[in-house]
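Reader: I've got a structure open here and I'd like to talk it through with you. Shall we get it on screen and start?

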Amino acid sequence: MTTRYWHYRAVLILIIHLCLFASCQHTDLQLCQRCNGTLQNATALGLYCTSVEGLVDGRCCLRNDNTSEAANVIGLDLSNCNLKHVDDLQEASTAIMIDLSLNPIFNLSDSVFQGFIQLNYINLPANLGCPGGNASWEKVEVKGDSCLCEGQKNFCNQTGQMSLNCPENSLCAPYGPGLFECSCVHNFHGYKCLREGEFPLVLVFGPLAASTVGVSILLWVTQRRKAKSV
């Protein structure tokens, strides 16, 4: 066989692998297929997806951040999907824009958006308030059947240092609309970060590991005795 034949074969195999990899990426994101249809180019979310050269997968706009092989959801359009309850959107926790308008949703918990620190635009049914309350957004506009929330505010201070919302010896970090989390600064740990020094890994996990090993040995010896007696 000629060198050209093997060259064409290698290229064909590469194309097949790339197609299979792309299809696997799409099917992994079940949230993108939650209702029929695809992301429409004429919508605000569709226009944004086009402007950032995103990849449309069902109701999602995806983009690779170059830090992992999997693409991240930067836009999610579940408008007009006849949704009555929305409980889990974690597959879209990296989303910048979300549209849930034109759905008969009666209640929406703030906990649904825990970890959505990049969310900057969300369109909701007019009967719902903005996640975290209107004070959590730079702009809130109710127009017709929709409530538009834009510009998620950061409840931690702008320096990212200690905040009045967190105890002493801890740092404040945004954790979604109206939400924040506190983490102990270096060399502090425990309840409200009151304990100073390295976390005592040996003292905490040493006795636990020793007891686990002891119980395992005891069970092993017991089982062997039973087996011999039989």
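Reader: Is Cys193 buried or exposed?

Author: This is a predicted model, and here Cys193 sits in the loop between strand 10 (188-189) and strand 11 (195-196). Its relative accessible area comes to 6%. Buried means under 20%, so with 6% Cys193 counts as buried.

Reader: And what is the phi of Cys193?

Author: Cys193 is not a glycine, yet its phi is positive. The value is about 55°.

Reader: What about Asn82, is that one buried or exposed?

Author: Asn82 also has a positive phi without being glycine, near 60°, and its place is in the loop between strand 3 and strand 4. The cut-off for exposed is over 50%. Asn82 has a relative accessible area of 57%, so it is exposed.

Reader: Which residue stands opposite Val56?

Author: Look at strand 1 and strand 2 (residues 60-63), which run antiparallel and are joined by three bridges. In strand 2, the residue opposite Val56 is Cys61.

Reader: Now the inside. Which residues have the most contacts within the largest nonpolar core?

Author: That core has 30 residues. Strand 2, strand 3, strand 5 and strand 7 (146-152) each supply at least two residues of it. Apart from it lies another core of 10 residues, including Leu39 and Leu148. In the largest core, the residues with the most contacts are Leu78, Leu89, Ile98, Leu100 and Phe113.

Reader: Last one: what is the relative accessible area of Ser101?

Author: Ser101 is found in the loop between strand 4 and strand 5. Leaving aside neighbours within four places in sequence, Ser101 is in contact with residues including Leu78, Asn80, Asn123 and Ser146. Ser101 is buried, and its relative accessible area is 4%.

Note on methods
Residues are numbered from 1 along each chain as its sequence is written. This is a predicted model: local features need pLDDT of at least 70, side-chain atom pairs count only at pLDDT 80 or more; totals for chains, interfaces and linings use all residues. Side-chain values use heavy atoms; hydrogens and water are left out. Two strands pair if DSSP finds at least two bridges between them. Helices (H or I, at least four residues) and strands (E, at least two) are DSSP runs, numbered from the N terminus. Buried means under 20% relative accessible area, exposed over 50%, partly exposed in between (1.4 Å probe, protein chains only). Contact means heavy atoms within 4.5 Å. A nonpolar core is a set of buried Ala, Val, Leu, Ile, Met, Phe, Trp, Tyr and Cys residues joined through side-chain atoms within 4.5 Å.
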